[in-house]
Structure formats: C-alpha cells, structure tokens
Amino acid sequence: MKNLDDLLGEGVQGRNVLVRADLNVPLDGETITDDGRVRAALPTIEKLISAGARVVLAAHLGRPEGAPDTRYSLAPVTRRLGELLGSEVALADDVVGDSAHEVVGGLADGRVAMLQNVRFDPRETSKDDAERGELADALVEVVGDSAAFVSDGFGVVHRKQASVYDLATKLPCYAGGLVLDEVEVLRTLTGDPQRPYVVLLGGSKVSDKIEVINALLPKVDRLVIGGGMAYTFLAALGNSVGDSLLQQDQIATTKQLLDEHGDKLVLPVDVVVADRFADDANTQVVPSDAIPRGWQGLDIGPRTVERYTEILGSASTVFWNGPTGVFEFSNFAEGTRGVAKAIADSDAFSVVGGGDSAAAVRTLGLDEQRFSHISTGGGASLEFLEGKKLPGVAVLEGEV
C-alpha cells in the first residue's frame, strides 16, 4: 500500500489532505481522561504540517446515532490537539455543510482544521453502499478533488464506513504512519513470532473473545486468561463462582476448549472477591475453586499474579488484550498492574492490544516506552489476529 512517505514525496505544499484519524477518546463531561489516541495521531499530522499541507481531520467520538449531539462534539478533542500542536485548530460546526466548506476553504498552508463528528451524519455507518458513497462524495466536495486521503485511524479500519473505506475509493489514498506501524506489528504476530509466544486475554465476556481464542490457540505456546471471562472457564471446570460474572451459554464452549487445549490454557489459581460491585466493598482472597456464595470475583489474586508473571517473564513474544480485573477500582487494580509490570519488565517483543489494556497502562502510571508497541485499536487488532480482512486496510491495498 502507498504510505505517507509516498505522498510527501509527491508534494503536498498548499494541497488539502483529508486525514481519517481515530480520536475517540474517553471523556468525563468535557474533560479528556486519556489523550493517548490524540497523541498517537500527532506524528502524521506534524509531518503533513511541516510539508505545507492543509490538513483536514475527520474523526468520530462515541456513538451519536447519526445525529448531532453536543455530548459527542469534537470540541474537547480539538482543543487538546491544538494544545499539543502549539497552534489553533479550527473546528467546523458540521460534517459536510456550510461550516465545513467555510472552515476548509479558509485553511492556510501548514494549518489544521477538524470536521465535526463524522458520525453525526447517518450515512457514515450506513450498511447501504450508495448512502456511504454519497457521504464520501460530499467529503470530497469539501476538500476538493485534487486532495489526497490519508487513513491513519487504525481503531476504525475494521469498519466499512464512509470516511474509512468509501473515501479511499474516491481520492488518492495513503496509509498514515500509525496504520502502517500497526499492520506491520500485527503481521509479526500472525507470521512467525519468536517463541515462546504467550497471549494474555482479559475482559468481561468469553463471547467477545471466542473467535480470537480459537484463532490463537493453534499458534501460541500459552494462552493466559484473566478478567470476567475467567469465571466462565472456572465454571466449566465444575467450580462454583458465586456471584461472579458468568456466561452460562458459553460453558459448553469453554469446556470443549479446556478439553482440547488444556495444556495451553492458563486460568487463575486465586481471586480477589468482593461482597458487592464497589471499590469500597468488603474483600478477601480465595482459591479460584472456592469462591463463596454471594461473593463475586473482581480481580486475580496474588498467587495468580506470581504465576502469570513467571509465564510472561519467560516469553519471547507477548500479546496482551484486556485487563485482568476491574482496574478502574483501586482495590481491584493490582492484578492488572502486576501483569502489566511483568510484561514491561520482560525482554519480550510486547504488544498491548489497545482498548482498556492501553488505558490501563496509562491509568496505572506505567511507562509506555517499556512496551514494544501499544495499539490504538482493540477491536481492529483482535480481528486482524482472527485472520479477518479489515476493510480499511484492504482498500488501501487495492482490494476493492
């Protein structure tokens, strides 16, 4: 696929470049609680600015259901981006309307403008090819048919959406540095990774991870389980899990996985349980096969952390997706902190698979530089590892 360096080699001075970025950050009101995705977008934007391009950003925030919603305005993101760039970023009031045309039309060389949340337009996420094509055409009208398109939002490349897929069929398209790096890293994991190759999967539901578990088990040396989905595996062993999160309809599936791959699957040996789902709940550490009735597991226990640390510390390649407990609560964050520190301290080629895992690294104050790669796209990275074709990558490679 053509990349940002190819575009810069062609020259972008005075040219509009529409960049699809992933700026879907968590907010508390209008306060960004984790600006990792904004900072990840900076290298591509700064390269284009330095080359004299007129940079127009398209991005989404949350799920506004195809209509303007002030809760999902990109205003907080625009302000933060301006702070990081050290220069004002203009924000249009709409996606492809009068304001977008005015803001982009007044853009000077080396400056940046942001279109309003692209999901305010229902055509962005439409299943109808023609409707998405209409929005892509309207975006081209905003930037002009001599513009270029840079896809740099890896967190959305698994979506067949107007600003991700269809736009790349309308304008000369290039992979941004972020997308290029992500694809190269994940191809390392799906190719011939150095062994031992260990995957740590957390998160709440087995059903969300079953496809990637099935895809990875034949390829990994150990698959370590944490988070809420661990209790469905424990129940499949015949253990009582109290009031812990349990997917009853997945027990048969997890039992089959344990029967067929018990030598690779690693489960908690002890857990931190609470008498209610709250940070100030009463807690105790119990063996994973002795969770009391009325109590729920909210984190892996200290003996499990030790066991997982040993496994992760001996790996040559590690992929981690999903926290091992409710890390948002300080009393149930030690499991996630422990495994994250084990990965950071190891000599392995380590990939953090986006989403809550990346947020945990930053929330727990760990040094991001101690991981080989922190992905910006949790869902996209999992689908890549499942072997699925990602529409936003396929279109860049000419597979339309």
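Does valine 25 count as buried or exposed, and what is its relative accessibility? These close-ups of a predicted model take up that residue, then an aspartate and a helix.

**View 1. Valine 25 in its loop.** Valine 25 counts as buried, because its relative accessibility is 5% and the cut-off for buried is under 20%. The residue sits between strand 1 (16-20) and strand 2 (27-28). Beyond its neighbours within four places in sequence, valine 25 is in contact with Ile32, Asp34, Arg37, Val38, Leu61 and Val77. Glutamate 46 lies 21 residues from valine 25 in sequence. In space, the two C-alpha atoms are 20 Å apart.

**View 2. Aspartate 166 in its loop.** The loop runs between strand 7 (148-151) and strand 8 (173-175). Aspartate 166 has 7% relative accessibility, so this residue counts as buried. Neighbours within four places in sequence are again set aside. Contacts of aspartate 166 are then Asp129, Arg132, Gly133, Ala136 and Gln161.

**View 3. The buried face of helix 9.** Helix 9 spans residues 251-261. Ile251, Thr254, Leu257 and Leu258 are buried there. An α-helix has 3.6 residues a turn, so residues three or four places apart point the same way.

**View 4. Around helix 9.** Cover for the buried residues of helix 9 includes helix 7 (206-216), helix 8 (230-236) and strand 11 (265-266). Ala252 and Asp259 are on the other side of helix 9, where they are exposed.

Key: Residues numbered from 1 in each chain as written. Predicted model: local features only at pLDDT ≥ 70, side-chain atom pairs only at ≥ 80, totals over all residues. Heavy atoms only, no water. Buried < 20%, exposed > 50% of the residue type's maximum accessible area, 1.4 Å probe, protein only. Helix = DSSP H or I, 4+ residues; strand = E, 2+ residues; numbered from the N terminus. Arc of directions from axis to C-beta. Contact = heavy atoms within 4.5 Å.
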